[in-house]
Amino acid sequence: RGRGGAGFSAGMKWSFVPKGASEIYLLCNNDEGEPGTFKDRYILELSPHMLIEGMVIAAYAIPAKKGYIYTRCEFYEEIKWMEQAIEEAYKHGFLGNNILGSGFSFHLDHYTGAGAYICGEETGLISSLEGKKGQPKVKPPFPAVSGYLGKPTVVNNTETLAAVPWIIRNGPEKYRQIGTEKSPGTKLFCLSGPVKNPGVYELPLGYPLKDFIYKIGGGLLDGASLKSVIPGGASAPMLTKDEVETVNLDYEAMAQAKTMVGSGAVIVIPESQKIFDILKITMDFFHHESCGQCTPCREGTGWIANILQ
């Protein structure tokens, strides 16, 4: 499963590229604009070469000869490190023409967006990369058929691509031993809010949400009691305190609880926090970040923000 929020199969997405296409692009979505999400920036910080290797393997599979990493501009230090890693990969023959004498060539560039939330949507990202307004495109055609510059394009999340080298090296059977039957593998989860141990944690899918908050996260600060949890970024419906007791961190369990894993951003809300205030802040964000292309979003988010005000 891809780790970009929808949990869509990465292999299936790769298979949508028309056979025999001469010009194919691979894009890494490193925009990471979902509120409460800060996992992808740590991949750039701690292991940028793992991402590059994953992109080379994915490009070989599609096959693509050109790729771009699209990063939000607020990741100041990470942008420098990523570009340095790309230079190192070229220097050692892991990128460029005839990689390690394999006969396969793949060139990679890094592109910085301007921090627009909407560019986290794959067709909005493509529009921005083409030098246009960062606005989503009507689908179909889907990017795999007509994407960047009208050519077949695959867009994958940073975490999705960074997981590829481990799977290739150790095999899919070993990967499937981790997690659940329908949600195999590990996932990066971001824990934020008034907890003792906030941060990014790699967990097997299916891990109990309650244990994540109280065992790994250390519980709430100053003996505060839990009111609610946003389990997958601001787009994911909240879970009540009682629901947190029983739900697991995997795609099926979250769907059954009428919410979603999403970007893996677990936001803890204490009893003292008014849900209304969270709603207002969230609506102000979505109103501000609307690309203005569609009437319901452009006008509707503004009206909801005004009503709450």
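Is the crossing of α11 and α12 left-handed or right-handed? I started my notebook with that one, and I am working from a predicted model.

**Entry 1: α11 and α12**

I looked up the two helices and found that α11 covers residues 275–289 and α12 covers residues 295–308. Their crossing is left-handed. I noted that the axes come within 9 Å and cross at roughly 150 degrees. Next I listed who touches whom. From α11, the contact uses F276, L279, K280, M283, D284, F286 and H287. From α12, the partners are R298, T301, G302, I304, A305 and L308. Sorting the residues of this contact by class gave me seven nonpolar, three polar and three charged.

I also wrote down a handy rule for reading such lists: an α-helix has 3.6 residues a turn, so residues three or four places apart point the same way.

**Entry 2: α3 and α6**

I then turned to another helix pair. The axes of α3 and α6 lie 7 Å apart, and the packing angle is about 75 degrees. Because of that angle, α3 counts as roughly perpendicular to α6. On the α3 side I found M50, L51, E53, G54, M55, I57 and A58 in the contact. On the α6 side I found T158, L161, A162, V164, P165, I168 and R169. By class, this contact holds 10 nonpolar, two polar and two charged residues.

**Entry 3: the nonpolar cores**

Which residues touch the most other members of the largest nonpolar core? My list reads L26, L51, I52, M55 and F106, in a core of 31 residues. I checked which elements give two or more residues to this core, and they are β1 (25–30), α2 (40–46), α3 (48–61), α4 (76–91) and α6 (158–170). The biggest giver is α3, with six residues.

Leaving out residues up to four places away in sequence, L26 touches M55, A58, A59, I62, A64, K66, G67, Y68, F106, V154 and N156. I also found a second, separate core, which has 23 residues, including F189, V195, V229 and V261.

**Entry 4: the covered helix α5**

How many of the residues of α5 are buried? I counted eight of eight, so to speak: α5 is mostly covered. The buried residues are E122, T123, G124, L125, I126, S127, S128 and L129. I looked for what covers them and found, among others, α1 (10–15), β1, β2 (66–71), β3 (107–112) and β4. After α5 comes G131, and I noted that its phi is positive, near 90 degrees.

I picked Q135, which sits in the loop between α5 (122–129) and β4 (153–157). Is Q135 buried or exposed? Its relative accessibility is 18%, and the cut-off for buried is under 20%, so Q135 counts as buried. Apart from neighbours within four places in sequence, Q135 is in contact with T123, G124, S127, C291 and Q293.

P143 is found in that loop between α5 and β4 too. With 5% relative accessibility, P143 counts as buried. Not counting residues up to four places away in sequence, P143 touches E122, T123, I126, K151, P152 and T153. I also checked P143 against S127: they are 16 residues apart in sequence, and their C-alpha atoms are 11 Å apart in space.

Note on methods:
Residues numbered from 1 in each chain as written. Predicted model: local features only at pLDDT ≥ 70, side-chain atom pairs only at ≥ 80, totals over all residues. Heavy atoms only, no water. Core = buried A, V, L, I, M, F, W, Y, C linked by side-chain atoms within 4.5 Å. Buried < 20%, exposed > 50% of the residue type's maximum accessible area, 1.4 Å probe, protein only. Helix = DSSP H or I, 4+ residues; strand = E, 2+ residues; numbered from the N terminus. Contact = heavy atoms within 4.5 Å. Axes fitted to C-alpha atoms, helices over the stretch in contact; angles between N-to-C directions. Parallel < 35°, antiparallel > 145°, perpendicular 65-115°, else oblique. Nonpolar A, V, L, I, M, F, W, Y, C, P; charged D, E, K, R; others polar. Left-handed = near helix turned anticlockwise from the far one by under 90°.
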